[in-house]
Amino acid sequence: MNPFSSGTRLRDMIRAIRSCKTAAEERAVVRKECAAIRAAISENDQDYRHRNLAKLMFIHMLGYPTHFGQMECLKLIASSGFPEKRIGYLALMLLLDERQEVLMLVTNSLKQDLNHSNQYIIGLALCALGNICSAEMARDLAPEVERLLQFRDPNIRKKAALCSIRIIKKVPDLAENFINPAASLLREKHHGVLITAVQLCTDLCKVSSEALEYFREKCTEGLVKTLKDMANSSYSPEYDVAGITDPFLHIRLLKLLRILGQGDPDASDCMNDILAQVATKIESNKNAGNAILYECVGTIMSIEDNGGLRVLAINILGRFLSNRDNNIRYVALNMLMKAMTVDAQAVQRHRATILECVKDSDASIRKKALDLVYLLVNESNVKPLTKELIGYLEASDQEFKGVLTDKICSLVEKFSPEKIWYIDQMLKVLSEAGSFVKDEVWHALIVVISNASDLHGYSVRALYRASQTTTEQESLVRVAVWCIGEYGDILVNNVGMLDIEEPITVTESDAVDAVEVAIKRHTSDLTTKAMALIALLKLSSRFPSCSARIKDIILQNKQSFVLELQQRSIEFNCILQKHQNVRAALVERMPVLDEATFSGRRAGSLPTSVSTSTGTAHNIPNGIAKPAAAPVADLLDLSSDDAPAPSSSGGDFLQDLLGVDLSTASAPPSASQPPKGGTDVLLDLLSIGTSPPAQSSSSASDILSSIQDNTASLANLNGLTSLSPLSANGNSPASPAPVMDLLDGFGPSPQKNEENGPAYPSLVAYESSSLRMSFNFSKQPGNPQTTLIQATFTNLSPNVYNDFLFQAAVPKFLQLHLDPASSNTLPANGSISQSMKVTNSQHGKKSLVMRIRIAYKMNGKEVLEEGQVNNFPRDL
Amino acid sequence: MIHFVLLISRQGKVRLTKWYSTYSQKERTKVIRELSGVILTRGPKLCNFVEWRGLKVVYKRYASLYFCMCIDPDGNELEILEIIHHYVEVLDRYFGSVCELDLIYNFHKAYYILDEILISGELQEPGKRTIVRAVAAQDSLVETVKEQTGSISTIIAQASK
């Protein structure tokens, strides 16, 4: 016996730890104890093993690491005495969890103990198994547990029943072995066994439909009778809780009946009487009684329809709802949510009370009530309910405002009867809790305003007014700035005045003031400032008289530390000074934003059904196929160079940047409206974030047109080898030179085609004055969906390209795998290759499409080229 | 199903933890920290339920101790309150007007009692007397084993106390 390792008694250690005045002292005591325990472990001390483990458990509860004691648990469990095993199993459950490998080592001891002659040791083993067994252990020990379900002592039977629950949850395949023993346990009189048997049956029904059928068939009547006996039983002191005999058993029986009755009219019919009896007879002045009533209501709501019972249940909930006890009100709200699916009309009757609960002082109740109100709203009551909720927004605390704002925005979008109402409500929310409004919500607002041409004036004036009074709500400011930028002239001239509006006089300089405030406010973030900068550019053309002042403000950002702002400021200044002739076209009003595609992009986040009927959804007829992406993507692309665009993940980002959009890829290639040149350039300016300004304002249009022609005419050229280019382009009037080049490059390909023998001709996927990219295709045999593409990049200039990087994006139905390029330096007139693999999940239905982006450095200058390839052979 | 049981003192000290669903040690610490932050700050008259990570935590304060049980969102909250009370009553019977100190110095006993009430997160026994008797029987079994093994090591152990 080592006197040093024996350490102190458990009680003394606890006392020592409790007397510590500081955390450091406590740590010191614990460290000393742990050291002693480790020493004892390494000496394999037997006498104090259980005491040491008890200490470790206490230390564990204090939050210190105790992993070194895990093996000690196993040793104690393996020892023969009951006291050791008792501590050992307790520590096993506390110190280990089912994921630890060590646990497997205990399986054998458990098996032995499950077969032990001492029933208390069997009990310990069952308890441990029921609390932490893993799937493997469940499989190994299920036969033992199954056998113990018939053990003579009821205390073991009930433990075995609960242990079986864990086993069938871990390994549902084993469920069928337990069906019969469980059914026979249902006939027991011992409450402990009965309660666990009912629970086991409930869980069996959940994992196995076979079990459900069996119990429904064989046991429903018996269970109804058991419940009836329970409800009519006389006072029994052992099980009495607040005057009710064994509420726990009541509740479990009701729960099992619910599962048996769900979807089965006969079984439901069988239990109607007893449910009615429970619902009417149980006293509701104590928690135990209410717990049973609550469960009973749940069962009535779930089983097959019985009108009378439902009325009874809703009445009970009504009583709960007016109860003064918060707990009861909480569960009432909870159950009313479930009742919504059954009987929405009945729930609507309690609307006023529920609305009151949204203002409760208890956060749990508030949240539950809000969830319920959210479900209650429909087209007919959206106006008053929204009014209530918005009214409450002012009074609610910060924590709750976020949730509340989310719900209001979602409701307003979902049910708004008319646009003006939508805009009004959003405006109220923005001014009250703008900082809680999610990005996509105010994006949606902009889309709606843009589509409501008759409300442009109303919106911009209302926003202007709101932004004058509230300046700390970021998203309000953003929407206001955007609208002032777009509709500044309408604001100043009071165009489209509605009858309900109060007249307002805004001078041109007032409007500029509003934007200036936004850009100068120190709390404005990059997005707001960038939006303000663009608004100023737009106003410079709308308000010629303020032009000089606007130029000053723009120039102030020339020194901005934020690269984006600095660059924009310089670019815009350049536009103002040197390109007066294009400016007006450049800053034309944004084309109407397409709502359908926008809501598609939001994909499921919030269902939008704001009526879109007014605007015929225009597609922006520019080559970059991103009409839908336009509103938000363009605004955000500004900032996306520094920060990832909100609401889109990294992968989407490239898509956004490159503008690939599934729905738009199918847009009719023949531009039905005359291209608005100026707008296109602006869009391009906004979307190509990194290209130098000179290029984006002048040569970008070339790129654009070439891309457009790609989209427009090459679709027709599929498979064409010898058709004259002119006839192919006959229907696209604006097709200039690039297409010719493109077709020139097309020439040699058919020969290759015949040499290699593949069914797919190679093609020139992209060509500019400086670079040509051609694709060769091949297929792996037996895998028609996957296409191997060998891309060859040829340098057409006399300069070397460094840091050559090719990027490609594909729509969702395609999968793209890019291998590294053969080199990242492209010598003059030389070429490099890069292979990629495209898997087409819609093989045979859709053909390949790809958006590409090529970046390189020429003479130290960064060059960026973008384009779309949609002239792939059709059957790839 | 009950996912876990926590006993937390008003000062935020953990007095008992029992996990019926799988949580790694790291997660357990996090759960305890998070929940004690939520529960200990709630006012006295509010309801006893907190929604947390898609689950529900039912808690009740007895003197200086908060008894918390975490259940599925569709569980019966009111019944859990009764189970908590059931546990407290059994503790009270076993210790004879239980106080926090009993649970600190005899924490293992508190666990033994809990193991007679809950297994795999489900209620095992509604009868209080049955529970107390089962625990007492096992206690006396420990005592008799100890007496029987009146070996030299026990004597030394007692001498060194």
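I began with strand β2 of chain B, residues 14-19, in what is a predicted model. I found 6 of its 6 residues buried, so β2(B) is largely enclosed by the rest of the structure.

Next I looked up what β2(B) pairs with. Strand β1 of chain B, residues 2-9, is joined to β2(B) by 5 bridges, and the two run antiparallel. I noted one pairing: B:Val5 has B:Lys18 in β2(B) as its bridge partner. The two strands make a hairpin with 4 residues between them. In the turn, I read a positive phi of about 90 degrees for B:Gly12.

I then turned to the boundary between the chains. How many residues of chain B are in contact with chain A? I counted 69, against 78 residues of chain A. In chain B, the residues that lose the most area to chain A are B:Leu78, B:Tyr105 and B:Phe107, together 11% of what that side buries. The area buried between the two chains is about 6,300 Å², and carbon and sulfur atoms give 54% of that.

I looked at the one between the side chains of A:Lys159 and B:Glu116, at 2.9 Å from N to O. Helix α5 of chain B, residues 128-148, supplies the largest share of the side touching chain A, with 11 residues. By class, I listed that side as 31 nonpolar, 17 polar and 21 charged residues.

My last entry is A:Ser450, in helix α25 of chain A, residues 439-451. Is A:Ser450 buried or exposed? Its relative accessibility is 4%, so I put it down as buried. Beyond its neighbours within four places in sequence, A:Ser450 has contacts including A:His456, A:Trp482 and A:Pro591.

Terms used
Residues numbered from 1 in each chain as written. Chains lettered and ligands numbered in written order. Predicted model: local features only at pLDDT ≥ 70, side-chain atom pairs only at ≥ 80, totals over all residues. Heavy atoms only, no water. Buried < 20%, exposed > 50% of the residue type's maximum accessible area, 1.4 Å probe, protein only. Pairing = 2+ DSSP bridges. Contact = heavy atoms within 4.5 Å. Buried area = accessible area lost by both parts, 1.4 Å probe. Salt bridge = Lys/Arg side-chain N within 4 Å of Asp/Glu carboxyl O. Nonpolar A, V, L, I, M, F, W, Y, C, P; charged D, E, K, R; others polar.
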